Amino acid sequence: MAITFVSFIGYVGILCLLLGYFLLVIGQVKVIDTHYIVLNTVGALFMVFSLDSGITLPLFQTLMVWLFISLYGFYKHHINTTV
């Protein structure tokens, strides 16, 4: 079975989310670290991009909220604090 580009992007998104969570759990990053926020943002964005016609509304809404929370965290801790 061949993997499509869109599916590959989805898998990368899942990997980013899981890697960020794993690094948080083992104490390698903090919630306010740029690496953690970027992994969450990229993961959610890639997963939204990879959604196909089989999407369920709850999954889409969860990913969109996850994306906005990640962007807010990035803004709050990295853009807003440097001004």
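I began with helix α2 (residues 34-50) and helix α3 (residues 57-79), whose axes come within 9 Å and cross at roughly 150°. For my own reference, axes are lines fitted to C-alpha atoms, for helices over the stretch in contact, and angles run from 0 to 180 degrees between N-to-C directions. That angle makes α2 roughly antiparallel to α3; angles over 145 degrees count as roughly antiparallel, under 35 as roughly parallel, 65 to 115 as roughly perpendicular, and the rest as oblique.

A note on what I am looking at: this is a predicted model, where local features need pLDDT of at least 70 and side-chain atom pairs count only at pLDDT 80 or more, while totals for chains, interfaces and linings use all residues. Residues are numbered from 1 along each chain as its sequence is written, and side-chain values use heavy atoms, with hydrogens and water left out.

**Entry: the α2 and α3 contact**

I looked up the handedness next, and α2 passes α3 in a left-handed crossing (the near helix is turned anticlockwise from the far one by less than a right angle; clockwise would be right-handed). Then I listed who meets whom, with contact meaning heavy atoms within 4.5 Å. From α2 I found T34, I37, N40, T41, A44, L45, M47 and V48, and facing them in α3 are F60, L63, M64, W66, L67, S70, L71, G73, F74, H77 and H78. I sorted these residues into twelve nonpolar, seven polar and no charged. In this scheme Ala, Val, Leu, Ile, Met, Phe, Trp, Tyr, Cys and Pro are nonpolar, Asp, Glu, Lys and Arg are charged, and the others, Gly among them, are polar.

T41 is buried, because its relative accessible area is 15% and buried means under 20%, with exposed over 50% and partly exposed in between (1.4 Å probe, protein chains only). Setting aside neighbours within four places in sequence, I see T41 in contact with L67, S70 and L71.

**Entry: the α1 and α2 contact**

I turned to helix α1 (residues 5-25), whose axis and that of α2 come within 7 Å and cross at roughly 155°. These two helices are therefore roughly antiparallel to each other, and their crossing is left-handed.

G10 sits in helix α1 and is buried, at a relative accessible area of 8%. Its C-alpha atom is separated by 8.2 Å from that of G43, 33 residues apart along the chain.

I checked F46 from its own side too: F46 lies in helix α2 and counts as partly exposed at 26% relative accessibility. Beyond neighbours within four places in sequence, F46 is in contact with I9, G10, V12 and G13. F46 and V6 are 40 residues apart in sequence and 8.9 Å apart in space, C-alpha to C-alpha.

**Entry: the whole chain**

Stepping back, I get three helices and zero strands for the protein, with helices (H or I, at least four residues) and strands (E, at least two) taken as DSSP runs, numbered from the N terminus. Of the 83 residues, 25% count as buried. Among contacts between residues at least 6 apart in sequence, 56% join residues at least 24 apart.
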